[in-house]
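Q: I have a new model on my screen and would like to learn how to read it. Could you walk me through it?

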Amino acid sequence: MIKTEKEVMIPWQNLGWDNGGTLVITPNPQQRNDSLLMPNTCCVTNCRGNYDAENKVAVFSFPKVEELKLKWIQAIPRRDLVVTKNTKVCEKHFTDDDIERVSTFYKESTGETLIAKLKKPRLK
């Protein structure tokens, strides 16, 4: 029986039976299989962001700053909205200028600007 949420998120390295007929599950702590996790869906009314394979999008948590959080809530036309740590808004509701998809770093010693694509987009 799974006791904690953390155990659900651990991918299985080895699944098998021991000599006594008991199922043995060995976790692999070096890897995390995101396919085992439920994707967060968008809370905006009639938005299908992350509800199926064709609509995979980046999602963002509500701001912690209360004033900004209230602006987000007011912008979402939904009467029953209860914001929790799992409530998300998808990238479809932001402009491209609002979202950061790459990170840049200027290396003074060489005068080189390094650009790296972010694994997960973030809001500016």
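A: Gladly! From the N terminus on, the elements run α-β-β-β-α-β-β-β, which gives 2 helices and 6 strands. Helices (H or I, at least four residues) and strands (E, at least two) are DSSP runs, numbered from the N terminus. This is a predicted model, where local features need pLDDT of at least 70, side-chain atom pairs count only at pLDDT 80 or more, and totals for chains, interfaces and linings use all residues. Residues are numbered from 1 along each chain as its sequence is written, and side-chain values use heavy atoms, leaving out hydrogens and water.

Q: What is the mean pLDDT of the protein?
A: pLDDT is the predictor's confidence in each residue, from 0 to 100. Here the mean is 78, and 69% of the residues reach 70 or more. Over residues 1–13, pLDDT stays under 50. Where pLDDT is low, the predicted coordinates should not be read in detail.

Q: Which residues touch the most other members of the largest nonpolar core?
A: In soluble globular proteins, nonpolar side chains tend to be buried together. A nonpolar core is a set of buried Ala, Val, Leu, Ile, Met, Phe, Trp, Tyr and Cys residues joined through side-chain atoms within 4.5 Å. Buried means under 20% relative accessible area, exposed over 50%, and partly exposed in between (1.4 Å probe, protein chains only). The largest core has 16 residues, of which Phe62, Ile76 and Val89 touch the most other members. Strand 3 and strand 4 each supply at least two residues of this core. Leaving aside residues up to four places away in sequence, Ile76 touches Cys43, Val44, Phe62, Leu81 and Val89; contact means heavy atoms within 4.5 Å.

Q: How many aromatic pairs does the structure hold?
A: Rings of Phe, Tyr and Trp (its six-membered ring) pair if their centres lie within 6.5 Å; planes under 30 degrees apart count as stacked, over 60 as edge-to-face and the rest as tilted. There are 3 such pairs here. In one of them, the ring centres of Phe60 and Phe94 are 5.5 Å apart and the planes meet at 85 degrees, so the pair is edge-to-face. Phe60 sits in strand 3 (residues 59–61) and Phe94 in the loop between strand 4 (88–90) and strand 5 (99–107), 34 residues apart. Phe60, Phe62, Trp72 and Phe94 form one aromatic cluster.

Q: Is Phe60 buried or exposed?
A: Phe60 is buried, with a relative accessible area of 6%.
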